[in-house]
Amino acid sequence: MVGVFRRSLSFPNKIPSRTPSKPSISHHIRSISLPCRSHPLISQLRDGVAELHCWVTQPECRTSVWLTNGLTRLRDLHDCLDDILQLPQTQESLRRLPSSVVENLLEDFLRFVDVYGIFQTSILVIKEEQSAAQVGLRKRDELKVSLYVKARKRLVKEMGKLITAVRFINGRSAPPLVCVGDAELSNAIGDVVEVTVTVSLVLFNVIATSFGSKKSSNWMGLRRLKKKKKKKGGIFVEDEGIVEFEEVEAECGLVGLRKKSDEEIRKASKKMQELEAIIGGIEICGERIFRGLINARVSFLNILTM
């Protein structure tokens, strides 16, 4: 008798269960949206603000290199702000704020644009007058040199007006904020406005001081005795100009050209050429800041109107 054998299938591996044997572990993934407290662009913005605050109080004597470095840092700060304002998360966060907050920022940046537009025009004028004065210096033309001296006086008055205008920019408001991310973004932008005011006050003050009239050829020797600190816009600013500007004022002697020797004229011309290069560097930095301010205002305007 033959036994009946049933065919059976064996599976060496077990069928995986649809439900995991162990509970899944929830991993927190850091969000790249702006409400996240540790967003890298916000951190970069804060670092830039801190660096500029250090820059203001850093030097014992103020040089053209120090000034252009500060202006370059301010430009980089506004480039970072522009990167943040282009993010959709930023725009959503700003739209959650009261419209008055964005309108105040629009007003602040409009004032900045106006101020730096006037500054650029003033620097361009003094640059042209300075170039004409170099020609007058070589030809011993007292008239061209006197026009340059008058242009310097106008520049000093213009800087005083700009200082007054900048002081009206506040950049601070206390709106009802929706969430922590909105508060962080609002505070970061307020810090940018605040430090822009600070750097602008320093810039306009040192330009005004540098081009202010000095009545004595011995003024450079007395400068250290006359240094004072003045409080401007909530910060203390030394009443001190750019070293290279003051050296030109002390060494060139732009009066009595016909009595000067050829060697004295050559030295004065060389100093004036150096000054022209410095003014050109400041003009370039100011132009870049001016464009950054325009970009920021356009971004705020787009956020408000969308």
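Some ground rules before the tour. Residues are numbered from 1 along each chain as its sequence is written, and side-chain values use heavy atoms, leaving out hydrogens and water. Because the model is predicted, local features need pLDDT of at least 70 and side-chain atom pairs count only at pLDDT 80 or more, while totals for chains, interfaces and linings use all residues.

Start with helix α1, residues 40-57. Helices here are DSSP runs of H or I, at least four residues, numbered from the N terminus. Helix α1 has 18 residues, and at 1.5 Å a residue it should span 26 Å. That expected span is 1.5 Å times one less than the number of residues. The end C-alpha atoms are 27 Å apart, which agrees.

Which residues of α1 are buried? Leu 41, Ile 42, Leu 45, Gly 48, Val 49, Leu 52, Trp 55 and Val 56. Buried means under 20% relative accessible area, and exposed means over 50%, with a 1.4 Å probe and protein chains only.

Next, Asp 82, in helix α2, residues 64-85. Leaving aside neighbours within four places in sequence, Asp 82 contacts Asn 295 and Ser 299. Contact means heavy atoms within 4.5 Å. Asp 82 and Asn 295 are 213 residues apart along the chain, yet their C-alpha atoms are separated by 7.0 Å.

Last, Ser 269, in helix α9, residues 262-305. Ser 269 is buried, at 8% relative accessible area. Not counting residues up to four places away in sequence, Ser 269 touches Gln 134, Leu 137 and Arg 138.

Terms used
Helix = DSSP H or I, 4+ residues; strand = E, 2+ residues; numbered from the N terminus.
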